[in-house]
Amino acid sequence: LNNLLQKYNAEEKDLEKRFAPIRKSLMQKESDRTRMRDTNSHEANALAEEMKHFDKDYERLREINDRVDFFVKSRKSEEMQEIARKLTHNSESIRSEEERLKSMKPEIERLKKEVEDSDRQKGIINQNLDLLKHRRKVDKLEEEIKQLTREHHGMGGKEASRKAKSAQQAIADLKEKIATQRGMREGLAGQRRVLKRKLNEEEYKDVEKRHRAKMIDYETTNLVVQDLDKYYDALDKALLRFHGIKIGEINKIIRELWTLTYKGQDITSIQIVSGQESSARANRSYNYRIVMEKGNSQMDMRGRCSAGQRVLASIVIRLALAETFCLNCGVMALDEPTTNLDHENKKGLAIALAQIIASRAAQSNFQLVVITHDEDFVSMMKNELSSQTGFTMPERYYQVSREEGHDGKFYSKISAVDWDEL
């Protein structure tokens, strides 16, 4: 019986050795079957989507064909020809009116010159009228002088002499005023001639049109500046609102990950707090700091937390930032994430990473790279990943070792290790 028992034990060990590669091959085949099933499912969905697009294109083409038939039956081409004839007639009318306007331009220029000449003649006439008025006054005063002189000769006396001198002085003053007015008139006439010559120069040619164009540019620029100020204010408010929303989303994810990973009782959660340093729009900046919460109390983490808490907070914050801002970037790398972490916090981090991997399994470009020397953390990751559902367990992990070559030098070696060998 002992011999039979030893024989059966030997056969059992031999069968187990033979069954190990078969079981490994079976797992490989099951993985290939799952991968091929997913590939066929994607191809079937793509073909169904192409068939839907083909049906839509066919319906659109048939609708266009029906419109063409309706257009041909409704005799729209005759109406278009009639409209074209009317357009041709209107174009000819516009051309004839333009030629008529061109022929009238010389007459318009002549009338403008007459108007300018009439204004000039009017000014000269007004000056002549003023001169006549002064001459009448002079004649009247000379007549008064003669009358006073006769009365003086007839009456005699000092009073008459005084009146005569006063009249003569008035005459002299009026003559001086007349001379002054004539000089002013000649000076104004000279200035007028100089200004007319300047207006005909290239510098002042079409000055009213150019002034109008510049005023239009100025007003348009003012309107554009006002619109840009409005757009800048709207954009600034939108950025502030976007900043607040993103900070809220990041703090929500940080709170969930911290509750999941941190196993201590001294910190309930952590969050990012931003303080605005400057109110000026162009110089606005924010001062970000990390605070820890316990109940209703908040306190800055800087200088008040352990090295493990600081490492865990750094990992949690980076995961939250990646979840918020890197939706299209599926690559996430963690280098020695368990540094200064105790056993409980390591396990919490493994649970959080396993949940992130399970939730991102449907994302085609998702890839998590963990670089660590901690084999206990790798074992925790294996256990947590095997407990998750909804995704395919990775077949192996990669181990980097250092080996001596034939030439006596040391080289790095990367080996693929099955999870079962861990």
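**A walk along a predicted chain**

Followed along the sequence, the protein chain shows the pattern α-α-α-α-β-β-β-α-β-α-β-α-β-β, which amounts to seven helices and seven strands. Here helices (H or I, at least four residues) and strands (E, at least two) are DSSP runs, numbered from the N terminus. The model is predicted, and local features need pLDDT of at least 70, side-chain atom pairs count only at pLDDT 80 or more, while totals for chains, interfaces and linings use all residues. Residues are numbered from 1 along each chain as its sequence is written, and side-chain values use heavy atoms, with hydrogens and water left out.

Of the 422 residues of the protein chain, 18% count as buried, where buried means under 20% relative accessible area, exposed means over 50%, and partly exposed lies in between (1.4 Å probe, protein chains only).

The surface carries several patches, which are made of residues with over 30% relative accessible area and no salt bridge, with like charges joined within 9 Å and nonpolar side chains (Val, Leu, Ile, Met, Phe, Trp, Tyr) within 5 Å. A salt bridge, in turn, is a side-chain nitrogen of Lys or Arg within 4 Å of a carboxyl oxygen of Asp or Glu, and accessible areas come from the Shrake-Rupley method with a 1.4 Å probe. Lys and Arg count as positive and Asp and Glu as negative, whereas His and the chain ends are not counted.

Positive charge gathers on the surface at Lys-102, Lys-105, Lys-112, Lys-209 and Arg-212. The elements that give two or more residues to this positive patch are α2 and α4 (207-261), and the largest share, three residues, comes from α2. Lys-209 lies in helix α4 and counts as exposed, because its relative accessibility is 53%.

A negative surface patch is formed by Asp-139, Glu-142, Glu-143 and Glu-144. Of these residues, Glu-142 has its place in helix α2 (residues 76-155), and Glu-142 is partly exposed, with a relative accessible area of 32%. At 39% relative accessibility, Leu-132 is partly exposed.

Further along, strand β6 (residues 396-404) and strand β7 (residues 410-418) run antiparallel and are joined by nine bridges; two strands pair if DSSP finds at least two bridges between them. Val-400 has Ile-414 in β7 as its bridge partner. Five residues stand between the strands of this hairpin, in which Gly-408 takes a positive phi near 85°.

Terms used
The place of a charge is taken as NZ of Lys, CZ of Arg, CG of Asp or CD of Glu.
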